[in-house]
Amino acid sequence: MSSPLMRAVVALAPGDPDVLEIREVPRPEPSAGEVLIRVAAAGVNPVDAKTRSGAGAGKFLDEWRPASAELAAALARTPDHTAASTLAPHEDAPAGSTRPATAPSRTEDRDAEPTAPAPTGDGFPWIPGWDVAGTVEAVGFGVSRFAVGDRVCGLVGFPRAAGTYAEYVVAHVSQLSRSPRSLTDVEAAALPLAGLTAWQAMADAGDLETNRRVVITAASGGVGHIAVQVAADLGAHVIAVTSTDSCDFVRGLGAAEVIDRTAGDWTDRIDAPVDLVIDGSGHDLRAAAYATVTPGGRFIALPSTATGDPVPDTIRNPKVFVAPDGLELQLLTGTIERGMLRPHVSATFPLEQAAEAHRRIESGTTRGKIILSVG
Ligand SMILES: NC(=O)c1ccc[n+]([C@@H]2O[C@H](COP(=O)([O-])OP(=O)(O)OC[C@H]3O[C@@H](n4cnc5c(N)ncnc54)[C@H](OP(=O)(O)O)[C@@H]3O)[C@@H](O)[C@H]2O)c1
């Protein structure tokens, strides 16, 4: 018996945002230890766009499922169901307000000729997306941690292909947390990748503790705005570097000091050495930035493409590559339930506008997170 179909965003080959199209593909089935999630919302991250363009996590995509060969074969059996939407994104969307009023009919174009993309050998065709929030639809063998109907969120499978830009996705239970009761699904989808990056960079690799001093650049971005809140909750002295328009936003997240990066070199305004720099901008691998760090302290650049001056031997330079972790995610959801953390969603797009969402994340000016609404 063939699997039921679902709608998904598919990139047949790497390229610009317009390679993203809506197709019908087989719904995945949970294996042992996995759950099937009915996706309500999928987070959009810079790595999604980098991978779509042929870089990012591209070299890992074929290690998971749906492997591109499997997806190519499935696409060859299903109609081309591209469905352009003219709906506007939902800017600064309030709780749960994201479903388009006139979603394209699922029966449109049913008679269109199937197209049969050949796997390109570089992980494409590919269903993008690693961040998810939704509801457990079915559980695989041996799953007791979650039950049908539970609201969950997670960073799924990263950096292998996972496919959260779809109506359903499967995830191993070890990569999931219950979604915080106080968040909508749209907000919960903003947490996993950015939140785990912030946690793994600061608490794991950065050894951040109470009373330590931390500089966070790109402080209003996806990772930065969560990092500021988490560091403040850990009791650290947070110095946030941000753009003029975002100074008040970042101050409201709990930063003790806010530096406008457009008003001169931020390194000139650090009045005492810091224990940790989290550079989300990728522009601060330079001697003046290293000089702000106390000997034995740490400088962590998040963009894997960041290049610059060599880091001196006097400070440490751990590499961070975010990994799915349901237990660490649970720590973050606990922080949310205590009222000490809240992801900010600046724009929500329907699934049909994934290309527009990618253009927006590629602008490098996102405050908080961009989310795709599914369902
Ligand atoms: N290593 C890992 O595992 C890992 C994980 C997640 C993300 N990353 C990488 O880390 C970076 C940040 O991720 P993100 O999700 O936070 O991205 P994002 O949401 O796109 O961050 C955008 C923010 O970057 C800041 N920015 C833009 N241009 C800048 C400039 N010229 N100089 C300084 N800051 C600038 C702005 O913040 P302000 O206005 O506040 O300055 C902007 O709002 C990305 O390159 C991402 O790929 C790496």
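Predicted model: local features only at pLDDT ≥ 70, side-chain atom pairs only at ≥ 80, totals over all residues.
The protein as a whole contains nine helices and 15 strands, and 51% of its 375 residues count as buried. Among the contacts between residues at least 6 apart in sequence, 71% join residues that are at least 24 apart.

**The shell around the ligand**

- The ligand is surrounded by 32 residues, and the closest of them are Ser-220, Gly-221, Gly-222, Ser-243 and Ser-281.
- Two or more residues of this shell are given by each of helix H1 (46–52), helix H4 (192–205) and helix H5 (222–233), and the largest share, three residues, comes from H5.
- Sorted by residue type, the shell holds 12 nonpolar, 18 polar and two charged residues.
- Because domain 1 (5–191 + 343–373) and domain 2 (194–301) both contribute residues to the shell, the ligand lies between these two domains.

**Strand E3 and the strands beside it**

- In strand E3, 10 of the 11 residues are buried, so this strand is largely enclosed by the rest of the structure.
- E3 pairs with strand E5 (residues 131–139) in the antiparallel sense over six bridges, and within this pairing Ala-41 stands opposite Ala-133, while Arg-38 stands opposite Thr-135.
- E5 in turn pairs with strand E6 (residues 151–155) over five bridges, in the antiparallel sense, and Thr-135 stands opposite Arg-151 of E6.
- As background for reading such strands, in a regular strand the side chains alternate between the two faces of the sheet.

**Helix H9 and its buried side**

- Helix H9 covers residues 354–362, and its buried residues are Ala-354, Ala-357, His-358, Arg-360 and Ile-361.
- After H9 comes Gly-364, a residue whose phi is positive, near 70°.

- Ala-301 belongs to strand E13, which spans residues 293–301.
- Because 26 other C-beta atoms lie within 10 Å, Ala-301 counts as buried, the cut-off for this being 20 or more.
- Apart from its neighbours within four places in sequence, Ala-301 is in contact with Asp-279, Gly-282, Leu-285 and Ala-306.
- Although Ala-301 and Lys-319 are 18 residues apart along the chain, their C-alpha atoms are separated by 7.5 Å.

**Backbone details in the loops**

- Most residues other than glycine have a negative phi, and most peptide bonds are trans.
- Phe-124 and Pro-125 are joined by a cis peptide bond, with omega about 0°, and Pro-125 has its place in the loop between strand E4 (90–91) and E5.
- The peptide bond from Phe-158 to Pro-159 is cis as well, with omega near 5°, and Pro-159 lies in the loop between E6 and E7.
- Asp-207, a residue other than glycine, has a positive phi near 55°, and this residue lies in the loop between H4 and strand E9 (213–216).
- Asp-207 is partly exposed, because 14 other C-beta atoms lie within 10 Å.
- Asn-211 is also found in the loop between H4 and E9, and its phi is positive, about 75°, although Asn-211 is not a glycine.
- With 9 other C-beta atoms within 10 Å, Asn-211 is exposed, since a residue counts as exposed when the number is 12 or fewer.

Key: Residues numbered from 1 in each chain as written. Near = placed C-beta within 6 Å. Helix = DSSP H or I, 4+ residues; strand = E, 2+ residues; numbered from the N terminus. Nonpolar A, V, L, I, M, F, W, Y, C, P; charged D, E, K, R; others polar. Domains from an automatic or database assignment. Pairing = 2+ DSSP bridges. Contact = placed C-beta atoms within 7 Å.
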